[in-house]
Amino acid sequence: MCEVIVITSGKGGVGKTTTSANIGTGLAQLRKKVVLVDTDIGLRNLDVVMGLENRIVYNLVDVVEGTCRYRQALIKDKNTPNLFLLPSAQTKDKSAVTPEQMKKLVEELKEEFDYVILDCPAGIEQGFQNAIAAADRALVVTTPEVSSIRDADRIIGLLESNSICKIDLIVNRIRMDMVKRGEMMSIDDVVEILAIDLIGAIPDDESIVISTNQGQPLVGDDSLAGKAYMNICKRVIGENVEFLDLTDSGFLKRLSRLFKKS
Amino acid sequence: MSLLDFFYKRKVSSDYAKDRLKLLLVSDRANCSPDVMEQIKNDIIEVISRYMEIDASGLDIQITQTESQEGNGSVPALFANIPIKDVRSKTIK
(Lines give C-alpha, C1' and ligand atoms only; values in the text may rest on other atoms or scores of the structure.)
Protein backbone atom coordinates (compact mmCIF):
# COMPACT_ATOMS: atom_id res chain seq x y z
CA MET A 1 0.00 0.00 0.00
CA CYS A 2 1.40 3.34 -1.05
CA GLU A 3 0.76 6.56 0.82
CA VAL A 4 0.99 9.94 -0.90
CA ILE A 5 1.97 12.73 1.50
CA VAL A 6 2.04 16.43 0.64
CA ILE A 7 4.24 18.71 2.73
CA THR A 8 2.81 22.20 2.71
CA SER A 9 2.65 25.45 4.70
CA GLY A 10 1.17 28.34 2.78
CA LYS A 11 3.87 30.75 3.84
CA GLY A 12 7.31 30.51 2.28
CA GLY A 13 10.52 29.98 4.17
CA VAL A 14 9.15 27.96 7.08
CA GLY A 15 11.01 24.78 6.17
CA LYS A 16 8.87 22.75 3.73
CA THR A 17 11.77 21.67 1.56
CA THR A 18 14.06 20.84 4.48
CA THR A 19 11.23 18.88 6.07
CA SER A 20 10.49 17.04 2.81
CA ALA A 21 14.16 16.09 2.41
CA ASN A 22 14.45 14.84 5.99
CA ILE A 23 11.17 12.94 6.09
CA GLY A 24 11.84 11.33 2.71
CA THR A 25 15.34 10.31 3.78
CA GLY A 26 14.12 9.14 7.18
CA LEU A 27 11.40 6.93 5.70
CA ALA A 28 13.98 5.40 3.34
CA GLN A 29 16.25 4.76 6.35
CA LEU A 30 13.28 2.90 7.86
CA ARG A 31 13.51 0.66 4.77
CA LYS A 32 10.60 2.11 2.90
CA LYS A 33 10.88 2.73 -0.83
CA VAL A 34 10.45 6.50 -1.19
CA VAL A 35 10.22 9.01 -4.01
CA LEU A 36 10.50 12.74 -3.31
CA VAL A 37 8.72 14.90 -5.87
CA ASP A 38 9.63 18.60 -6.06
CA THR A 39 6.43 20.27 -7.29
CA ASP A 40 7.79 23.83 -7.06
CA ILE A 41 8.13 24.46 -10.80
CA GLY A 42 10.34 27.44 -11.60
CA LEU A 43 11.97 27.53 -8.16
CA ARG A 44 13.42 24.10 -7.60
CA ASN A 45 15.33 23.61 -4.36
CA LEU A 46 14.81 20.09 -3.11
CA ASP A 47 17.66 18.85 -5.36
CA VAL A 48 20.04 21.29 -3.63
CA VAL A 49 18.95 20.36 -0.12
CA MET A 50 19.43 16.69 -1.04
CA GLY A 51 22.83 17.44 -2.64
CA LEU A 52 21.72 15.96 -5.98
CA GLU A 53 21.76 19.14 -8.09
CA ASN A 54 24.55 17.92 -10.38
CA ARG A 55 22.79 14.74 -11.41
CA ILE A 56 19.64 16.15 -13.00
CA VAL A 57 19.01 15.11 -16.59
CA TYR A 58 15.21 15.21 -16.98
CA ASN A 59 12.64 16.90 -14.76
CA LEU A 60 8.97 16.81 -13.74
CA VAL A 61 7.81 18.87 -16.72
CA ASP A 62 9.69 16.57 -19.16
CA VAL A 63 7.88 13.58 -17.64
CA VAL A 64 4.46 15.23 -17.74
CA GLU A 65 4.96 16.41 -21.32
CA GLY A 66 6.07 12.93 -22.37
CA THR A 67 9.64 13.89 -23.33
CA CYS A 68 10.87 11.00 -21.17
CA ARG A 69 9.57 8.19 -18.98
CA TYR A 70 9.45 8.92 -15.25
CA ARG A 71 12.13 6.31 -14.55
CA GLN A 72 14.57 8.27 -16.70
CA ALA A 73 13.98 11.41 -14.63
CA LEU A 74 14.37 9.74 -11.21
CA ILE A 75 17.66 10.42 -9.44
CA LYS A 76 18.93 7.81 -7.01
CA ASP A 77 20.07 9.26 -3.67
CA LYS A 78 23.81 9.15 -3.11
CA ASN A 79 23.68 7.73 0.43
CA THR A 80 20.32 6.17 1.19
CA PRO A 81 19.17 3.13 -0.78
CA ASN A 82 15.48 3.04 -1.79
CA LEU A 83 15.36 6.84 -2.03
CA PHE A 84 14.70 8.67 -5.29
CA LEU A 85 14.15 12.29 -6.30
CA LEU A 86 11.99 13.56 -9.14
CA PRO A 87 13.33 17.09 -9.61
CA SER A 88 11.30 20.07 -10.71
CA ALA A 89 11.97 22.27 -13.74
CA GLN A 90 13.81 25.52 -13.22
CA THR A 91 12.94 27.23 -16.49
CA LYS A 92 9.20 26.60 -16.78
CA ASP A 93 6.43 28.16 -14.68
CA LYS A 94 3.75 26.64 -12.50
CA SER A 95 1.10 26.46 -15.25
CA ALA A 96 3.28 23.95 -17.15
CA VAL A 97 1.58 21.15 -15.16
CA THR A 98 -2.11 20.61 -14.38
CA PRO A 99 -3.63 18.84 -11.35
CA GLU A 100 -4.86 16.05 -13.66
CA GLN A 101 -1.35 15.46 -15.02
CA MET A 102 0.01 15.32 -11.45
CA LYS A 103 -2.64 12.77 -10.49
CA LYS A 104 -1.74 10.58 -13.46
CA LEU A 105 1.98 10.76 -12.65
CA VAL A 106 1.42 9.96 -8.98
CA GLU A 107 -0.78 6.98 -9.94
CA GLU A 108 2.22 5.58 -11.83
CA LEU A 109 4.60 6.26 -8.94
CA LYS A 110 2.25 4.56 -6.49
CA GLU A 111 2.79 1.24 -8.26
CA GLU A 112 6.47 1.29 -7.46
CA PHE A 113 6.90 3.11 -4.15
CA ASP A 114 5.77 2.81 -0.51
CA TYR A 115 5.74 6.57 -0.01
CA VAL A 116 5.38 9.46 -2.46
CA ILE A 117 6.42 12.72 -0.76
CA LEU A 118 5.27 15.88 -2.53
CA ASP A 119 7.17 19.06 -1.67
CA CYS A 120 4.60 21.82 -2.18
CA PRO A 121 5.46 25.37 -3.28
CA ALA A 122 4.49 28.37 -1.12
CA GLY A 123 1.20 30.08 -1.87
CA ILE A 124 -2.28 28.78 -2.66
CA GLU A 125 -2.27 29.09 -6.45
CA GLN A 126 -1.83 26.45 -9.14
CA GLY A 127 1.41 25.04 -7.73
CA PHE A 128 -0.42 24.26 -4.48
CA GLN A 129 -3.42 22.84 -6.34
CA ASN A 130 -1.08 20.57 -8.34
CA ALA A 131 0.67 19.33 -5.22
CA ILE A 132 -2.47 18.50 -3.25
CA ALA A 133 -4.42 17.01 -6.16
CA ALA A 134 -2.98 13.55 -5.69
CA ALA A 135 -2.31 13.54 -1.94
CA ASP A 136 -3.82 11.11 0.59
CA ARG A 137 -2.57 12.99 3.61
CA ALA A 138 -0.86 16.26 4.46
CA LEU A 139 1.84 17.43 6.83
CA VAL A 140 1.44 21.15 7.51
CA VAL A 141 4.65 22.91 8.53
CA THR A 142 4.50 26.09 10.58
CA THR A 143 6.82 28.15 12.75
CA PRO A 144 5.57 29.65 16.04
CA GLU A 145 4.93 33.05 14.41
CA VAL A 146 1.68 34.90 13.77
CA SER A 147 2.04 35.15 9.97
CA SER A 148 3.02 31.53 9.48
CA ILE A 149 0.26 30.20 11.75
CA ARG A 150 -2.33 32.33 10.00
CA ASP A 151 -1.28 30.92 6.62
CA ALA A 152 -1.25 27.39 8.03
CA ASP A 153 -4.85 27.87 9.19
CA ARG A 154 -5.87 28.93 5.69
CA ILE A 155 -4.05 25.94 4.18
CA ILE A 156 -5.79 23.55 6.59
CA GLY A 157 -9.15 24.98 5.46
CA LEU A 158 -8.22 24.48 1.80
CA LEU A 159 -6.98 20.93 2.41
CA GLU A 160 -10.22 20.04 4.17
CA SER A 161 -12.33 21.50 1.37
CA ASN A 162 -10.28 19.36 -1.06
CA SER A 163 -11.27 16.33 1.08
CA ILE A 164 -7.83 15.62 2.49
CA CYS A 165 -8.87 14.59 5.99
CA LYS A 166 -5.62 13.24 7.39
CA ILE A 167 -3.77 16.42 8.30
CA ASP A 168 -0.94 16.57 10.83
CA LEU A 169 1.04 19.50 12.14
CA ILE A 170 4.80 20.00 12.32
CA VAL A 171 5.94 22.96 14.44
CA ASN A 172 9.30 24.00 13.06
CA ARG A 173 12.06 26.23 14.47
CA ILE A 174 10.88 26.19 18.04
CA ARG A 175 13.23 27.81 20.56
CA MET A 176 12.53 26.47 24.02
CA ASP A 177 14.64 29.17 25.70
CA MET A 178 12.34 31.82 24.20
CA VAL A 179 9.23 29.80 25.02
CA LYS A 180 10.40 29.66 28.65
CA ARG A 181 10.74 33.44 28.75
CA GLY A 182 7.29 33.79 27.21
CA GLU A 183 8.67 35.45 24.11
CA MET A 184 7.63 32.67 21.73
CA MET A 185 4.38 30.72 21.47
CA SER A 186 4.75 27.19 22.80
CA ILE A 187 4.01 24.02 20.84
CA ASP A 188 0.81 23.65 22.87
CA ASP A 189 -0.26 27.19 21.99
CA VAL A 190 0.16 26.50 18.26
CA VAL A 191 -1.67 23.16 18.47
CA GLU A 192 -4.52 24.78 20.42
CA ILE A 193 -4.92 27.57 17.87
CA LEU A 194 -4.79 25.36 14.77
CA ALA A 195 -6.74 22.49 16.35
CA ILE A 196 -5.14 19.64 14.38
CA ASP A 197 -3.01 16.71 15.53
CA LEU A 198 0.66 17.34 16.21
CA ILE A 199 3.04 14.84 14.59
CA GLY A 200 6.26 16.48 15.78
CA ALA A 201 8.21 19.61 16.61
CA ILE A 202 11.66 20.52 15.30
CA PRO A 203 13.96 22.75 17.37
CA ASP A 204 15.67 25.73 15.78
CA ASP A 205 18.97 23.90 15.54
CA GLU A 206 22.22 25.12 13.97
CA SER A 207 22.83 21.64 12.65
CA ILE A 208 19.97 22.13 10.14
CA VAL A 209 21.87 24.98 8.48
CA ILE A 210 25.06 22.93 8.46
CA SER A 211 23.29 19.93 6.92
CA THR A 212 21.69 22.10 4.23
CA ASN A 213 25.10 23.63 3.45
CA GLN A 214 26.43 20.16 2.86
CA GLY A 215 23.42 18.89 0.95
CA GLN A 216 22.97 16.01 3.35
CA PRO A 217 19.72 15.63 5.37
CA LEU A 218 20.43 15.17 9.08
CA VAL A 219 17.53 12.86 9.93
CA GLY A 220 18.63 9.98 12.13
CA ASP A 221 21.87 11.55 13.38
CA ASP A 222 22.32 12.41 17.05
CA SER A 223 21.48 16.12 16.79
CA LEU A 224 18.21 17.12 18.42
CA ALA A 225 16.69 18.06 15.05
CA GLY A 226 17.89 14.78 13.54
CA LYS A 227 16.19 12.83 16.33
CA ALA A 228 13.02 14.91 16.06
CA TYR A 229 12.77 14.25 12.31
CA MET A 230 13.33 10.53 12.79
CA ASN A 231 10.54 10.46 15.38
CA ILE A 232 8.19 12.11 12.88
CA CYS A 233 9.10 9.45 10.30
CA LYS A 234 8.32 6.70 12.79
CA ARG A 235 4.97 8.30 13.60
CA VAL A 236 4.24 8.56 9.85
CA ILE A 237 4.61 4.79 9.47
CA GLY A 238 2.35 4.29 12.47
CA GLU A 239 4.76 3.73 15.36
CA ASN A 240 3.92 5.24 18.71
CA VAL A 241 6.89 7.38 19.72
CA GLU A 242 7.06 9.67 22.74
CA PHE A 243 7.66 13.35 22.12
CA LEU A 244 11.24 14.55 22.66
CA ASP A 245 12.15 17.02 25.35
CA LEU A 246 13.50 19.87 23.27
CA THR A 247 14.61 22.05 26.17
CA ASP A 248 18.31 21.29 25.91
CA SER A 249 18.54 23.11 22.60
CA GLY A 250 18.82 26.34 24.56
CA PHE A 251 21.41 28.04 26.65
CA LEU A 252 22.98 25.04 28.33
CA LYS A 253 23.53 23.17 25.09
CA ARG A 254 25.13 26.21 23.55
CA LEU A 255 27.32 26.62 26.61
CA SER A 256 28.44 23.02 26.47
CA ARG A 257 29.14 23.38 22.75
CA LEU A 258 31.30 26.39 23.55
CA PHE A 259 33.37 24.34 25.93
CA LYS A 260 33.68 21.50 23.45
CA LYS A 261 35.13 23.85 20.86
CA SER A 262 37.79 25.37 23.11
CA MET B 1 10.93 47.08 36.00
CA SER B 2 8.36 49.09 37.90
CA LEU B 3 6.86 48.13 41.22
CA LEU B 4 3.56 47.33 39.48
CA ASP B 5 5.29 44.83 37.20
CA PHE B 6 6.62 43.10 40.27
CA PHE B 7 3.16 42.42 41.64
CA TYR B 8 1.25 41.91 38.43
CA LYS B 9 2.33 39.34 35.89
CA ARG B 10 3.70 41.27 32.95
CA LYS B 11 2.05 40.39 29.66
CA VAL B 12 4.72 38.65 27.58
CA SER B 13 4.96 38.95 23.81
CA SER B 14 3.71 35.42 23.19
CA ASP B 15 0.43 36.39 24.89
CA TYR B 16 0.07 39.25 22.41
CA ALA B 17 0.78 36.88 19.54
CA LYS B 18 -1.86 34.43 20.77
CA ASP B 19 -4.51 37.10 21.29
CA ARG B 20 -3.87 38.67 17.90
CA LEU B 21 -3.94 35.30 16.16
CA LYS B 22 -7.17 34.19 17.80
CA LEU B 23 -8.92 37.35 16.62
CA LEU B 24 -7.38 37.15 13.18
CA LEU B 25 -8.36 33.53 12.63
CA VAL B 26 -11.94 34.09 13.71
CA SER B 27 -12.45 36.70 10.99
CA ASP B 28 -10.40 34.65 8.49
CA ARG B 29 -12.46 31.53 9.16
CA ALA B 30 -15.77 33.38 9.13
CA ASN B 31 -14.68 34.57 5.70
CA CYS B 32 -16.07 38.02 6.48
CA SER B 33 -14.67 40.36 3.88
CA PRO B 34 -14.70 44.08 4.68
CA ASP B 35 -17.60 44.33 2.20
CA VAL B 36 -19.72 41.87 4.15
CA MET B 37 -18.89 43.60 7.42
CA GLU B 38 -19.95 46.93 5.90
CA GLN B 39 -23.27 45.41 4.81
CA ILE B 40 -23.91 43.99 8.28
CA LYS B 41 -23.10 47.39 9.74
CA ASN B 42 -25.53 49.19 7.40
CA ASP B 43 -28.30 46.69 8.15
CA ILE B 44 -27.82 47.12 11.91
CA ILE B 45 -28.00 50.91 11.52
CA GLU B 46 -31.19 50.56 9.52
CA VAL B 47 -32.93 48.31 12.07
CA ILE B 48 -31.91 50.22 15.21
CA SER B 49 -32.74 53.55 13.58
CA ARG B 50 -36.40 52.49 13.43
CA TYR B 51 -36.54 52.69 17.21
CA MET B 52 -34.00 55.27 18.30
CA GLU B 53 -31.63 57.85 16.97
CA ILE B 54 -28.09 56.47 16.79
CA ASP B 55 -24.74 57.89 15.89
CA ALA B 56 -24.07 56.01 12.65
CA SER B 57 -20.55 57.35 12.26
CA GLY B 58 -19.58 56.12 15.72
CA LEU B 59 -20.89 52.59 15.16
CA ASP B 60 -18.26 49.91 15.37
CA ILE B 61 -18.71 46.19 14.74
CA GLN B 62 -16.17 43.39 14.94
CA ILE B 63 -15.94 39.65 15.37
CA THR B 64 -14.29 38.70 18.66
CA GLN B 65 -13.90 35.71 20.95
CA THR B 66 -16.07 35.37 24.04
CA GLU B 67 -16.48 32.77 26.77
CA SER B 68 -19.26 30.39 25.76
CA GLN B 69 -22.36 30.08 27.96
CA GLU B 70 -21.76 26.35 28.36
CA GLY B 71 -18.28 27.09 29.72
CA ASN B 72 -16.48 24.99 27.13
CA GLY B 73 -13.93 27.53 25.96
CA SER B 74 -14.30 30.54 23.76
CA VAL B 75 -16.65 30.99 20.82
CA PRO B 76 -16.80 33.69 18.17
CA ALA B 77 -19.16 36.59 18.82
CA LEU B 78 -20.27 39.62 16.84
CA PHE B 79 -19.56 42.66 18.96
CA ALA B 80 -21.35 45.89 18.09
CA ASN B 81 -20.81 49.23 19.81
CA ILE B 82 -23.72 51.49 18.90
CA PRO B 83 -23.69 55.01 20.41
CA ILE B 84 -27.26 56.26 20.98
CA LYS B 85 -27.98 59.94 20.41
CA ASP B 86 -31.54 60.03 21.71
CA VAL B 87 -33.48 57.11 23.13
CA ARG B 88 -36.85 58.84 23.19
CA SER B 89 -36.86 60.44 19.76
CA LYS B 90 -38.46 57.58 17.86
CA THR B 91 -40.55 55.83 20.48
CA ILE B 92 -43.72 54.19 19.21
CA LYS B 93 -45.90 56.81 17.65
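Helices (H or I, at least four residues) and strands (E, at least two) are DSSP runs, numbered from the N terminus. The structure is a predicted model, in which local features need pLDDT of at least 70 and side-chain atom pairs count only at pLDDT 80 or more, while totals for chains, interfaces and linings use all residues. Residues are numbered from 1 along each chain as its sequence is written, and chains are lettered from A and ligands numbered from 1 in the order in which they are written.

**Exercise 1.** Locate A:Asn82 and A:Ala195, and classify each as buried, partly exposed or exposed.

Solution. 
- Step 1, position. A:Asn82 sits in the loop between strand S3 (75-76) and strand S4 (83-86) of chain A. A:Ala195 sits in the loop between helix H9 (187-194) and strand S8 (197-203) of chain A.
- Step 2, backbone. A:Asn82 is not a glycine, yet its phi is positive, at about 70°. A:Ala195, also a residue other than glycine, has a positive phi near 55°.
- Step 3, criterion. A residue is buried if 20 or more other C-beta atoms lie within 10 Å of its own, exposed if 12 or fewer, and partly exposed in between, with C-beta atoms placed from the backbone.
- A:Asn82 has 18 C-beta neighbours inside 10 Å, so A:Asn82 is partly exposed. A:Ala195 is exposed because 10 other C-beta atoms lie within 10 Å.

**Exercise 2.** Give the strand order of the open sheet of 8 strands in chain A and identify its edge strands.

Solution. 
- Step 1, pairing rule. Two strands pair if DSSP finds at least two bridges between them.
- Step 2, order. The order is S3-S4-S2-S5-S1-S6-S7-S8, and the pairing is mixed.
- Step 3, edges. S3 and S8 of chain A each pair on one side only, which makes them the edge strands.
- Step 4, one pair in detail. Strand S7 (residues 166-174) of chain A is parallel to S8(A), over 5 bridges. A:Asp168 has A:Asp197 in S8(A) as its bridge partner.

**Exercise 3.** Describe how H1(A) and H11(A) cross and which residues make the contact.

Solution. 
- Step 1, conventions. Axes are lines fitted to C-alpha atoms, for helices over the stretch in contact, and angles run from 0 to 180 degrees between N-to-C directions. Two residues are in contact if their C-beta atoms, placed from the backbone, lie within 7 Å.
- Step 2, placement on the sheet. Helix H1 (residues 16-29) of chain A lies across several strands, including strand S5 (115-119), and runs at about 170° to S5(A). H11(A) lies across S7 and S8 of chain A, at about 160° to S8(A).
- Step 3, crossing. The two helix axes, of H1(A) and H11(A), come within 9 Å and cross at roughly 65°.
- Step 4, residues. H1(A) contributes A:Asn22, A:Ile23, A:Gly26 and A:Leu27, and H11(A) contributes A:Tyr229, A:Met230, A:Ile232, A:Cys233 and A:Val236.
- Step 5, classes. Ala, Val, Leu, Ile, Met, Phe, Trp, Tyr, Cys and Pro count as nonpolar, Asp, Glu, Lys and Arg as charged, and the others, Gly among them, as polar. The contact of H1(A) with H11(A) has 7 nonpolar, 2 polar and no charged residues.

**Exercise 4.** Summarise chain B and its contact with chain A.

Solution. 
- Step 1, elements. Chain B has 3 helices and 4 strands, in the sequence pattern α-α-α-β-β-β-β.
- Step 2, burial. Buried residues make up 2% of the 93 residues of chain B.
- Step 3, interface. The chain B side comprises 5 nonpolar, 2 polar and 4 charged residues.
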